[in-house]
2 protein chains.
Amino acid sequence: MSKPKVFEKPPGVKDYLPETVAKLRQIETNVLECMQKWGYRQIITPTLEYYDTVGVASTTSDRKLFKLLDKKGTTVVLRADVTAPIARVVASLLKDHSFPLRLSYHANVFRAFEDEAGREAEFFQTGAELVGDSSADADAEMVALAIACLKAAGIGHFKIALGHVGFLNGLLQEALPDRPEQQEALKERLLQHDYVGYHDLLRRYELPEAVREELEAILRLRGGQEICEQAKELSRDRGAKEAIGHLCQVWDVLHAYGVSDHVLVDLTMVGDFTYYTGMTFEGYAADLGFPVCSGGRYDNLLAQFDRPAAATGFALKTNRILEVANLDRTDAPYRVLVRYAPGKIGEALACAQQLRQRERVIVETIRMDASDPAASSGRNVSERADGQAGAAEYDEVIEFA
Amino acid sequence: MSKPKVFEKPPGVKDYLPETVAKLRQIETNVLECMQKWGYRQIITPTLEYYDTVGVASTTSDRKLFKLLDKKGTTVVLRADVTAPIARVVASLLKDHSFPLRLSYHANVFRAFEDEAGREAEFFQTGAELVGDSSADADAEMVALAIACLKAAGIGHFKIALGHVGFLNGLLQEALPDRPEQQEALKERLLQHDYVGYHDLLRRYELPEAVREELEAILRLRGGQEICEQAKELSRDRGAKEAIGHLCQVWDVLHAYGVSDHVLVDLTMVGDFTYYTGMTFEGYAADLGFPVCSGGRYDNLLAQFDRPAAATGFALKTNRILEVANLDRTDAPYRVLVRYAPGKIGEALACAQQLRQRERVIVETIRMDASDPAASSGRNVSERADGQAGAAEYDEVIEFA
């Protein structure tokens, strides 16, 4: 094992320089303000949690959890999401608070170091959870809020794909009643968006012609509200029918919000089946292959923390939004450099302090001597224009000589 | 090893509920804005760093570093401070940027779990670093900026204790030239503020009367600018004299900033000797036994990352500030609950959306049915007044029935 080089970082983590931080912070602020407007209150949970409590309840697969041992030999994880920690808080510190509970967060989350290039080990999520409301209205509120947040984050063009785990579960249960492994294998293909593999499996399973056609038909169940009507015809399974009924209600509420133009029904979109129990959704920005947000209903999680309750929520994938967000540049600040001869320090610092009182004025001060790069090099301090820290371009240089 | 209970957290970490988060966020925003006004640009570094790079360069003692192994067997640490990571960034990503560099940060930092009760394993720091300027002006800028930040954070009454590691180093070197272990032992006592122990040690070392009196005299070297004059008389050691000369210059600049009323010279205040190389300071709020900020000059750190440079900086201990800060309560938001009968959903949601456009108006919506706690319990939704999440007190309830 070789020693890392002096400026190396662990794989999958990164530094954010000032220009990027400014943009990231603006996304964070805009989204949290949007959530606040809808009644969501921010909480902060610790980076470290016990594996046996929050770790096992996480939506993240076990092998991707970042685990470590504390001094007593208990396994601790770096949080992989904030939904499970919020469930813990709702069941403990907030156990006397009545439902519905609306909570929001912005946090860094972790995945165990992957050897694959480009995998992130630490990244940001900004999310909201609505606990204690099982209605279609609550699910629709999540989708409508996610849409409002994506707009607030500067995402202009995007679509929300809306699905329901109950439909596919019901349909598969009806078609392959005694073959749970085959059900899982088919779901896995859909989860991976591997539609060719899904087709191949169906063929290999040697199903009756009608059943195979029915299961192939779901790949076409993507579109507007009419999809719900088509889906209703496809299955007689009670669970599947209830799922579609719920999804129709969610659609109606989204229509009432006036946001259904952003939504399309996609019954092949399944999310994580072990975690979600009802509606699920994912947001896709134009020109980006990965989802920028995802969420859904998870009615079984709170019971794991001894306070059974319905819950629905979503998280924005803030780092991906950072790549594509087009934020209105707030007016650039006015940057001033105050240079002073030693004898003029009092006047110079007073001037700097006064200028800092003004809105959007940034003032740096420097004594004119060897440590002043402008004085020592003879070049104009305004020369550099790359906008990075340490290469400041000043709008004005004031001298007290 | 017993399994943790379902809502247990690891020792030393905590959840922050909405009221606390609002206050913490306001301190963070105010302080970062203040730093920005002075030309400091925010950066974000990863939570995980290599032990052999940032870990060993940290000011935190080795046994308090939170260590883990990555999959290749390399030791990784959870960052214990942000100064060492910033030095790494200055020497790598920012290596082409000229000095001086002004950078700021707000981050959570970690200490290995302590068994002692009440020790925090994770807490927040908000800080600034000025890299590439060795002048007394740069040191004074740190102290003046720390004062401005403490005020911005809502700390009304506080004092900054100003010291210099060079003075004590020089004095001890002169008094105990061949006894480095005794020098270290005495410094350790001062670092612990154990003045009785310091006295005892001096007595035990059987020093010449004059030397002992000289070393006892430094305990009285706490006060205003006059202390610098007294200290000048105390030692003929060149290092000690240079240190005092530098401190006098820092004082003069602080006077020019108009903030010297907040400052007192304390030559027994030594900070971490292995890390700091010049001026050090600590801020104390009235009614709080612990410092609320600390900082100093660390001219040797950057060389560890192959870009030797002078540097000075400080960090606010944000969690302690949270305990004592007295912030102007920004106007409380106006909270509205919109309740609707199923048939009135369109009007209700449109009304909610319109109200959310207004400044400081927060709107929650709920369908009137079993999931509406007000409807189901028959009690008034405005009844609860504890101000916590989930127990919202509404300023107005609008019904679409």
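I begin with one ion pair: the side chains of Arg367(A) and Asp137(B) meet in a salt bridge, at 2.6 Å from N to O. By salt bridge I mean a side-chain nitrogen of Lys or Arg within 4 Å of a carboxyl oxygen of Asp or Glu. Between chain A and chain B the count is 8 salt bridges.

A word on the source. This is a predicted model, in which local features need pLDDT of at least 70 and side-chain atom pairs count only at pLDDT 80 or more, while totals for chains, interfaces and linings use all residues. Side-chain values use heavy atoms, without hydrogens and water; residues are numbered from 1 along each chain as its sequence is written, with chains lettered from A and ligands numbered from 1 in the order in which they are written.

Let me turn to the interface. Chain A brings 106 residues to the contact and chain B brings 106 residues, contact being heavy atoms within 4.5 Å. About 8900 Å² is buried between the two chains, 58% of it from carbon and sulfur atoms; buried area is the accessible area (1.4 Å probe) that two parts lose on being put together, summed over both. On the chain A side, Lys37(A), Arg41(A) and Ile44(A) lose the most area to chain B, together 9% of what that side buries.

Finally, the domains of chain A. Domain 1 covers 18–321 and domain 2 covers 334–400, with bounds from an automatic or database domain assignment. Taken over C-alpha atoms, the centres of domain 1 and domain 2 of chain A are separated by 50 Å.
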